[in-house]
Amino acid sequence: QIEAVSKVKATFDKLVKEGREEEAMKFAERYADQIAKADLAAGTKKQLGDFTKLEQAVRASALTADEKRAYLDEIRKAKIDLSRLSAEALRS
């Protein structure tokens with residue numbers, strides 16, 4: 001869903017950038033809901049990337065295996081929760 005919304009927004013932005021206003025307006029009318037959700041999708045994508053970087057930092061740290069597992073489990077839960085909430089918001 002994030003990728004689909006991102007692609008719609010990118011297409012709209014391209015039409016505007018190319019000066020194809022009439023086509024952009026028709027496109028925006030057809031995909032207004034998805035264009036409106038583009039910021040949510042972009043924010044979710046960034047947060048998921050931040051969680052992935054955090055996972056990498058935990059793996060590279062000097063923590064014990066048990067500590068790493070505990071942190072990685074919490075990060076994974078946060079990613080799942082974020083994905084679920086974002087998916088619900090993008091569907092509505």
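Trainee: How many residues has H4, and what does H4 reach from its first C-alpha to its last?

Mentor: This is a predicted model. H4 has 23 residues. At 1.5 Å a residue, 33 Å is expected. The reach from first C-alpha to last is close to that, at 33 Å.

Trainee: Which residues of H4 are buried, and what do they pack against?

Mentor: H4 covers residues 38–60. Its buried residues are Ala-38, Ala-41, Thr-44, Glu-55 and Val-58. They pack against H1, H3 and helix H5 (65–91).

Trainee: Is Thr-44 buried or exposed?

Mentor: Thr-44 lies in helix H4. Beyond residues up to four places away in sequence, Thr-44 touches Ile-2, Leu-82 and Ser-86. Buried means under 20% relative accessible area. Thr-44 has 1%, so Thr-44 is buried.

Trainee: Which residues make up the largest nonpolar core?

Mentor: In soluble globular proteins, nonpolar side chains tend to be buried together. The core has seven residues in all: Val-8, Phe-12, Leu-15, Ala-24, Phe-27, Ala-28 and Ile-35.

Trainee: What does a second, separate core include?

Mentor: That core has five residues. Among them are Ile-2, Val-5, Ala-41 and Leu-90.

Trainee: Within what arc do the buried residues of H2 fall?

Mentor: The buried residues of H2 are Ala-24, Phe-27 and Ala-28. An α-helix has 3.6 residues a turn, so residues three or four places apart point the same way. The buried residues of H2 line one face of the helix, because seen down its axis they fall within an arc of 100 degrees.

Trainee: What covers that buried side of H2, and which exposed residues are on the face turned away?

Mentor: The cover includes H1 and helix H3 (32–36). Ala-28 gives a detail: leaving aside neighbours within four places in sequence, Ala-28 is in contact with Phe-12 and Ile-35. The face turned away from the buried side carries exposed Glu-22, Lys-26, Glu-29 and Arg-30.

Trainee: Which residues form an aromatic pair, and what is the angle between the planes?

Mentor: A search of the whole structure finds one aromatic pair. Phe-27 and Tyr-31 form it, 4.6 Å centre to centre. Planes under 30 degrees apart count as stacked, and over 60 as edge-to-face. This pair is tilted, at 40 degrees.

Notes: Residues numbered from 1 in each chain as written. Predicted model: local features only at pLDDT ≥ 70, side-chain atom pairs only at ≥ 80, totals over all residues. Heavy atoms only, no water. Core = buried A, V, L, I, M, F, W, Y, C linked by side-chain atoms within 4.5 Å. Buried < 20%, exposed > 50% of the residue type's maximum accessible area, 1.4 Å probe, protein only. Contact = heavy atoms within 4.5 Å. Helix = DSSP H or I, 4+ residues; strand = E, 2+ residues; numbered from the N terminus. Arc of directions from axis to C-beta. Expected span 1.5 Å × (residues − 1). Phe/Tyr/Trp six-rings, centres within 6.5 Å; stacked < 30°, edge-to-face > 60°.
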